[in-house]
Amino acid sequence: MIRPELSVDQRTKCEIETTSEYDAILIVGFGGPEKPEDVMPFLENVTRGRNIPRERLEEVAEHYHHFGGVSPINEQVRSLMATLGPELRRHGVALPIYWGNRNWTPMLPDTLREMAAAGVKKSLAIVLAAYSSYSSCRQYREDIGRAREEVGPTAPEVAKTRVFYNHPEFITANADRVREALAKIPAEDRGEVPITFTAHSIPAAMAANSLYEEQLRETCRLVAAELNVDSRRWSLVYQSRSGRPGDLWLEPDILEHLRDVREQGAREVIVHPIGFLSDHMEVLYDLDEEAQQLCEKIGLNMVRSSTVGTHRGFVRMLCELVCERLQGAQEDEKRALGRFGPSHDECPLNCCLPPVRPQNLAHAQS
Ligand SMILES: CC1=C(CCC(=O)O)c2cc3nc(cc4[nH]c(cc5[nH]c(cc1n2)c(C)c5CCC(=O)O)c(CCC(=O)O)c4C)C(CCC(=O)O)=C3C
Ligand SMILES: [Fe+2]
């Protein structure tokens, strides 16, 4: 747990809040290994029961070993918390901030146990995923539910902040990151360089049960609009495909797309990982190693922009999402851009259902 500065009495109730009974904030992350011995057990946690071939696991293990068996993701969560904590306190939120991961230490059950021991009854979780899908929404909620069961009757309740793919601060933070990348392109080419937005691929059967693609496309559209980038100049592609080779996953794959970009005559491209919140392993390996190597081979100058990370606007937005919940904000007080409006606070029962199994899908279609 990262405690607010010691001068703040942790039991002080949020000043801005009158009715809410939340007594802690919980950051929920994916988790990542922090030493070589962690790599395989971490990957086994990620893929348990998910039909991922052993060869894929061994291949991904190599990505981690390429970086000394350390994923930067946990350190990035620590940095985010170190920035978010003071921001919350500036807004009068003095609640303690806890952190639990889905796949690696600090694991959710341990964190919830610690919260229970500290007397926390009801917490508000920020899940570090911007878009809705089984993998990025319901699976986190299931993990939280299982962790609560493990802790037993004293486990704190956990509510979740809304997804923020269309929040104006998220759009601006992403647009800023693309601007930083554009500054590295020669001035005379800046108005034309293609912009490739990339996100984690998910099984087509998982995508069919969620708004993942629509939300991603909306974020890309809004970021492009803020940058005055014409729709013909940007693309949304997918990376880090997993699963069995025969299964359908979201496409186009980024590597295929980069080849097309080169064939159409471009010499430069901006790759923006809009689907991720920090420069973790999927970014460092799949983009900075794999995609970068391909680009060198085909003569394409690839400039990869940063994820939002600890961008001030992004941190401000997380703070705003917490404050709006503590204050019980009305729908029209919740900020969102574009055509979909603010997402629900509480997921409806059919939200982000697990993927229909491919064999069932085949039956349904025949
Ligand atoms: C939508 C989505 C996000 C974005 C939203 C979110 O952040 O949640 C995301 C993030 C991440 N994915 C990550 C790593 C991995 N994802 C895997 C596998 C999978 N991801 C999936 C989806 C997503 N993943 C899916 C459908 C699978 C197949 C297995 C399954 O159905 O669950 C595997 C297994 C090996 C393989 O790649 O096959 C690994 C190692 C890391 C950590 C990086 C680090 O350590 O720095 C992060 C942040
Ligand atoms: Fe959901």
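Into which domains is the protein chain divided?

## Model and domains

This is a predicted model, in which local features need pLDDT of at least 70 and side-chain atom pairs count only at pLDDT 80 or more, while totals for chains, interfaces and linings use all residues. Residues are numbered from 1 along each chain as its sequence is written, and chains are lettered from A and ligands numbered from 1 in the order in which they are written.

The chain comprises domain 1 (24–163 + 311–355) and domain 2 (168–304), with bounds that come from an automatic or database domain assignment. Their centres, taken over C-alpha atoms, are separated by 24 Å. The contact (C-beta atoms, placed from the backbone, within 7 Å) takes 33 residues from domain 1 and 31 residues from domain 2.

## The parallel sheet

An open sheet of 4 strands runs in the order E2-E1-E3-E4 with parallel pairing, where strands (E, at least two residues) and helices (H or I, at least four) are DSSP runs numbered from the N terminus, and two strands pair if DSSP finds at least two bridges between them. Strand E2 (97–101) and E4 are the edge strands, each pairing on one side only.

Strand E1 (residues 24–29) pairs with E2 over 5 bridges, and Gly29 stands opposite Asn101 in E2. Strand E3 (residues 122–127) pairs with E4 over 4 bridges, with Ala159 of E4 as the bridge partner of Leu124.

Technical notes: Two residues are in contact if their C-beta atoms, placed from the backbone, lie within 7 Å.
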